[in-house]
Amino acid sequence: MASMRDIQRRRNSIASTQQITKAMKLVSTVKLQRTREKAEECKPYFNHMYATVTSMLARTGIVEHPYLKSGKSGKKGVIVISSNRGLAGGYNSNIVKMLTQGELEGKELLIYNIGRKGHEALERKGYEIAEDYSEVINAPLYSDAVEISQRVLKDFEEEKIGEIYLVYTSFKNTVVHEPKLLKLLPVEFSDKELSDAERNTPMNYKPGEEEALDMIIPKYIASLLYGALNEAAASENGARMQAMDAATSNAEDMMESLELQYNRARQGSITQELTEIIAGAEAVE
Amino acid sequence: MAADNLFDLKIITPDRVFYSGKASFLELNTVEGGIGIYKNHIPMTTVLEPGIATITEEGGNKKEAALHTGFMEILGDRITILAEIAEWPDEIDRNRAQEAKIRAERRLQNDKSNVNITRAELALHKALVRIELADHVTK
């Protein structure tokens, strides 16, 4: 049985760890509220953008545009959004799993990385990282999304990559976050969601259809990326809040069982002392 | 009768819903020049240029805003503008716009490479729109 002092030392160390996890939980709760608000605010823009682009493609029936076809290169560009800090449960490893398992497994990939944790893991696994934008995830700006999407589109146009994917954690609600794989280019759309009236109204494009697509698709990608950045930031804080909550309650459980052990050890040492005193007294008589 | 000439107008930026309401007339700048829109305009999608948009609301009340880069979809009596940046006059920092204007002008004089010139021109354009709108209101 461990000595009283050893148990006491462990109890102290767990108590101080618990304080840290508790504080981190509180911090991430506050951050979650802020990032969630932001994620919700950018939804209308994205939804309208998506509706406009799909209805535009359905109406015009353009299929020959470069953004609508896979490029010649067999390489796939992947924008990966993870976090800069750990202690968020399975948040970062779930993102990495999206690349190592499933659809993208074993494909030739070129990574555009956002988030230091993802960078470390992917580098260790030997993925080729074209560019790192880890600094943007703490407070994503729309201009960041524009810059990243311009870089990726440039590589697409120069045929360094043939397709563009986005891997991020989508934010369903405070407790549900799902890692998601999204194909950005070539643009895929279904015209099922369109109402008949929308499909049958002829639309005029100024400038021409092709030029309009040229301008709008980069914006569409930037808006997707911006939405993903904000959702990922909210998910990160949600995941951290959950992980820290679990850690705090685990610490609670450990403290309880250590308390029991400590009391037993204390009782044991008292009994032992008593036995020794009685034995000593008997020897004197 | 008055309600008949109104259409739904929505201006959305990445960060917020900038404007949502009914308007009777809208005037703004597109890549093909300035246009004015009443209700029952033909369906049209067009790309915007930096410029001042004037919204005439129900009852003739006019509102002005700076819109920079984006596009507009007109469909029946619904107009949706997706702008990357949109500002009301009181959100514009005139001094900052002035500085940006001077910076862009300097860059245009010095730089010879093509990419920088288009960027500087766009920056100059934006700064001019901001200054114009800020002056317009304070006058």
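# Patches, salt bridges and backbone angles

Visitor: Where in chain B does E32(B) lie?
Guide: Elements here are DSSP runs numbered from the N terminus: helices (H or I) have at least four residues, strands (E) at least two. By that count, the place of E32(B) in chain B is the loop between strand 2 (17-30) and strand 3 (33-37).

Visitor: What kind of model is this?
Guide: Residues are numbered from 1 along each chain as its sequence is written, chains are lettered from A and ligands numbered from 1 in the order written, and side-chain values use heavy atoms, without hydrogens and water. Local features need pLDDT of at least 70, side-chain atom pairs count only at pLDDT 80 or more, and totals for chains, interfaces and linings use all residues, since this is a predicted model.

Visitor: Which helix gives the largest share of the negative patch?
Guide: A patch takes residues with over 30% relative accessible area and no salt bridge, joining like charges within 9 Å and nonpolar side chains (Val, Leu, Ile, Met, Phe, Trp, Tyr) within 5 Å. Lys and Arg count as positive, Asp and Glu as negative, with His and chain ends not counted; a charge is placed at NZ of Lys, CZ of Arg, CG of Asp or CD of Glu. The negative patch holds E157(A), E209(A), E210(A), E211(A), D214(A) and E32(B). The largest share, 4 residues, comes from chain A, helix 7 (residues 209-284).

Visitor: Is chain A more spread out than a compact globule, or less, and what is its radius of gyration?
Guide: Chain A has 7 helices and 6 strands. The globule rule, 2.2 Å times the number of residues to the power 0.38, is set against a radius taken over C-alpha atoms. For 285 residues the rule gives 19 Å, and chain A is well over that, so it is more spread out than a compact globule: its radius of gyration is 28 Å.

Visitor: What box do the C-alpha atoms of chain A fill?
Guide: Within helix 7 of chain A sits V284(A). Its C-alpha atom and that of L225(A), 59 residues apart along the chain, are separated by 86 Å. Along the principal axes, the C-alpha atoms of chain A fill a box of roughly 115 × 40 × 30 Å.

Visitor: How much accessible area does the nonpolar patch have?
Guide: Areas come from the Shrake-Rupley method with a 1.4 Å probe, and for residues only the protein chains shown count as cover. I278(A), one of the patch residues, lies in helix 7 of chain A. Together I270(A), L274(A), I277(A) and I278(A) have about 370 Å².

Visitor: Is I161(A) buried or exposed?
Guide: Under 20% relative accessible area means buried, over 50% exposed, and in between partly exposed (1.4 Å probe, protein chains only). I161(A) is in the loop between helix 5 (142-157) and strand 4 (163-171) of chain A. Its relative accessible area is 0%, so I161(A) is buried.

Visitor: How many salt bridges are there over all chains?
Guide: The test is a side-chain nitrogen of Lys or Arg within 4 Å of a carboxyl oxygen of Asp or Glu. R9(A) and D6(A) pass at 3.9 Å, both in helix 1 and 3 residues apart, about one turn. The search of the whole structure finds 16.

Visitor: Which residues are linked with R151(A) in a network of salt bridges?
Guide: R151(A) and E131(A) form a salt bridge, with closest N and O atoms 2.1 Å apart. The pair links distant parts of the chain, helix 5 and strand 3 (residues 128-132). The network joins R151(A) with E131(A), D155(A), E158(A) and K160(A).

Visitor: Which residue of chain B forms a salt bridge with K22(B)?
Guide: K22(B) counts as partly exposed because its relative accessibility is 45%. Its closest N atom is 2.8 Å from an O atom of the partner, D8(B).

Visitor: What is the phi of T69(B)?
Guide: Most residues other than glycine have a negative phi. T69(B) sits in strand 6 (residues 62-75) of chain B. T69(B) counts as buried, because its relative accessibility is 14%. Though not a glycine, T69(B) has a positive phi of about 45°.

Visitor: What is the phi of N40(B)?
Guide: N40(B) lies in the loop between strand 3 and strand 4 (44-48) of chain B. With a relative accessible area of 63%, N40(B) is exposed. Its phi is positive in a residue other than glycine, near 65°.
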